[in-house]
Amino acid sequence: MNTMEELKEELLRTIECYYIVDEEDRRVICGNTGLISLCGQEIMDLPFPEALKGSPLLNLFVQERPESNSLNWELALEGTENYLLVRNRWVELNNRTYRVGAVTCAKDIIGLSRELSGLTLQYQEVIQQNRELLQDLQWSAFHDHLTRLGNRNKYIHDSETIFAGEAKIGILNLDINNLKLANDRYGHDCGDRLIRQVGSALKQLEEDGSSYAYRVGGDEFLLICRNCPPEYPDLAADQILEMIRESNRAYGIPPCEIAVGTALREPGQSFADLEKLADDRMYVCKMQMKATGYSG
């Protein structure tokens with residue numbers, strides 16, 4: 001035996017199972033030890049329908065012949081632990097038809113595929129978790145968790161991108177009075193409730209689509225209105241105060257008083273100057289409330 005023939009023999013030994021079937025008498029005329037180990041010695045002594053009668057291994061030898069010569073792998077046996085794959089070629093020689101086939105066990109391949117599928121699902125879950133975490137971080141960067149209003153970062157961003165070039169802008173600057181008193185006497189849960197009261201009132205005003213509410217400090221809030229009618233800031237301030245009074249009565253907590261400063265943008269006025277004007281007016285309002293008996 002020359003070197004090439006020896007190499008061919010070694011090649012055949014690497015195939016888990018191989019066979020040559022005489023299609024006319026349905027017999028395996030050549031098969032390796034792997035085939036015998038899989039199907040039993042009867043596969044070499046009897047026609048394969050008889051040798052494998054009642055066995056799912058019969059599927060190895062009953063693959064339909066393709067229209068053209070094919071070397072594609074086909075699943076020959078599923079629903080077992082083996083997952084056998086078969087590859088056939090039909091050969092015409094001397095007016096007889098032979099089938100040359102090879103069989104491989106795909107158990108490891110299937111198992112690896114399942115492991116990869118599991119890892120893929122885990123990877124997808126991690127991606128989704130990271131995406132949700134990123135969304136949470138992005139939301140937290142621009143929102144106040146207690147009131148769910150925009151925070152100072154959001155206000156600064158919007159003032160530079162939305163409001164800077166807007167001609168008809170109205171501002172309400174709001175500051176909660178008695179917040180420290182509520183925190184000292186009744187605890188921070190009570191103070192948080194006061195903050196949420198103001199936030200809820202401002203949130204309702206955002207529903208018109210032209211108003212933007214922010215919590216820019218511990219007890220400081222801003223409401224910005226685009227395309228603002230001249231009467232809107234004062235009307236909005238009255239509406240907020242009334243909503244706060246109703247909430248005070250409902251909860252029976254220390255009165256939540258609001259100092260408010262309003263301003264409308266004048267031609268040529270910068271947004272920064274408009275903001276300062278509303279802040280100055282809010283401070284004046286707070287001093288007046290303090291002078292008339294406000295103790296916060």
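Asn177 stands opposite Glu257 in strand S9. The model in which this pair is seen is predicted. Asn177 falls within the range of strand S6, residues 169-177, and S6 and S9 pair in the antiparallel sense over 8 bridges. Strand S9 covers residues 257-264 and is mostly covered, with 6 of its 8 residues buried.

Helix H7 takes in residues 179-186, and its axis comes within 6 Å of that of H8, the two crossing at roughly 150°. An angle over 145 degrees counts as roughly antiparallel, and H7 and H8 are therefore roughly antiparallel to each other. On the H7 side, the contact is made by Leu179, Ala182, Asn183 and Tyr186, and on the H8 side by His188, Cys190, Gly191, Leu194 and Ile195. Sorted by class, this contact of H7 with H8 has 6 nonpolar residues, 3 polar ones and no charged ones.

Helix H8 itself runs over residues 188-206. Buried residues in H8 include Cys190, Gly191, Leu194 and Ile195. Gln197, Val198, Gly199, Ala201, Leu202 and Leu205 of H8 are buried as well.

Another helix, H6, spans residues 152-163 and holds Asp158. Is Asp158 buried or exposed? Asp158 has a relative accessible area of 2%, and because buried means under 20%, Asp158 counts as buried. Leaving aside neighbours within four places in sequence, Asp158 is in contact with Phe163, Tyr212 and Tyr214.

Note on methods
Residues are numbered from 1 along each chain as its sequence is written. This is a predicted model: local features need pLDDT of at least 70, side-chain atom pairs count only at pLDDT 80 or more; totals for chains, interfaces and linings use all residues. Side-chain values use heavy atoms; hydrogens and water are left out. Helices (H or I, at least four residues) and strands (E, at least two) are DSSP runs, numbered from the N terminus. Buried means under 20% relative accessible area, exposed over 50%, partly exposed in between (1.4 Å probe, protein chains only). Contact means heavy atoms within 4.5 Å. The expected span of a helix is 1.5 Å times one less than its number of residues. Axes are lines fitted to C-alpha atoms, for helices over the stretch in contact, and angles run from 0 to 180 degrees between N-to-C directions. Angles under 35 degrees count as roughly parallel, over 145 as roughly antiparallel, 65 to 115 as roughly perpendicular and the rest as oblique. Ala, Val, Leu, Ile, Met, Phe, Trp, Tyr, Cys and Pro count as nonpolar, Asp, Glu, Lys and Arg as charged, and the others, Gly among them, as polar. Two strands pair if DSSP finds at least two bridges between them.
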